[in-house]
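Please walk through this model with the structure open beside the text.

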Amino acid sequence: MLYDEMVKLKKVAVVSKVGSKEAEDTARIVAKKFLAKKSHVFTISPIQVDGATKIESLEELKKEKLDLVVTLGGDGTTLRVFRYLENDTPILTINVGGNRGILAEITIDEIDYAISQILKGKFFLDKRTRVVASCGGREFPPALNEIYISRTNLTKTSEIEIKFQNDTVRQKMDGVIVATPSGSTGHSFSLGGPILHESLDVLIITPVAPVYRLESIVVPDEKIEIISSHDCSIAMDAQVVKSADFEETITIKKYKKPAVFIRLKKRGLRQMSKLGF
């Protein structure tokens, strides 16, 4: 959606790629630009800028009602930030030192233009489905791209039961990926899954090394239940790993709030074009 009104950036957080000097140096520059616009700026340790509030971890951002988060790095940085955002705070993604920057909107050369456009209200909000896994009374952090359930014991192939709506698929396989449309260009794609338009309200179930070939299944973004005959690991966006016991039901569903990107140009299939198609 395009906004025509002036936007007030009262509270802005600037987050850089961990361990990247280039991203950290750029974060300081960006923080100063927002400070010059009278924003209350938060930086994450070790980034420190005069006039900004330094906090120790992303966890502390949950307490703040932010107008914008700026990420500097690659896709990993963007995924990490979204994991800590429980609400629908928009993110402006800047590719600094990232590999492909599939999720990124701009490069650092465009930051002044981007700030100007945002303040004028000339931007789009690109809302993306997120997913969340839970089991045994525990709810795990949300994922933007995918949740990957894999066998823990590499000497035994698990029988995995997948339930969605009124259907059940049961087969021996190494694991299963539940991907969002945003994640359709990630691990699911590398296993032969389809590329989906990012705006769709669906999920992709992609089996990993099934004994009998089983294609990806695209289903409504409703509840999916997965039960493994052996202990398994649950990985959120390849960054956080939790565990589940055998025969324990793992529930995956759409997260309560979408991930929101600030976009300056309206383009379809952004990630597909970033991959070179």
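The paragraphs below take up a sheet, the nonpolar cores, an aromatic pair and a helix.

This is a predicted model, in which local features need pLDDT of at least 70 and side-chain atom pairs count only at pLDDT 80 or more, while totals for chains, interfaces and linings use all residues. Residues are numbered from 1 along each chain as its sequence is written, and side-chain values use heavy atoms, with hydrogens and water left out.

Start with the sheet. Its 6 strands run in the order β14-β13-β12-β9-β16-β17, open and antiparallel. Helices (H or I, at least four residues) and strands (E, at least two) are DSSP runs, numbered from the N terminus. Two strands pair if DSSP finds at least two bridges between them. β14 (217-220) and β17 (240-244) stand at the edges with a single partner strand each, so one side of each has no neighbour in the sheet. At one end, β13 (residues 202-208) pairs with β14 over 4 antiparallel bridges. There, V202 stands opposite P220 in β14.

Next, the cores. A nonpolar core is a set of buried Ala, Val, Leu, Ile, Met, Phe, Trp, Tyr and Cys residues joined through side-chain atoms within 4.5 Å. Buried means under 20% relative accessible area, exposed over 50%, partly exposed in between (1.4 Å probe, protein chains only). The largest core has 28 residues, of which F34, L68, V70, L72 and L92 touch the most other members. Two or more residues come from each of β1 (11-16), α1 (21-36), β4 (68-73), β5 (90-95), α3 (111-119) and β19 (259-263). α1 gives the most, with 5 residues. Apart from this core lies another, of 26 residues, including I205, V219, C232 and I234.

Now look for aromatic rings. The whole structure holds 1 aromatic pair. Rings of Phe, Tyr and Trp (its six-membered ring) pair if their centres lie within 6.5 Å; planes under 30 degrees apart count as stacked, over 60 as edge-to-face and the rest as tilted. The centres of F82 and F261 are 5.1 Å apart and their planes stand at 70°, so this pair is edge-to-face. F82 belongs to helix α2 (residues 75-84) and F261 to strand β19, so the pair ties together parts 179 residues apart in sequence. F82 counts as buried at 2% relative accessibility, and F261 at 0%.

Finish at α3. Which residues of α3 are buried? They are I111, A114, I115, Q117 and I118. Just after α3, G121 takes a positive phi of about 80°.
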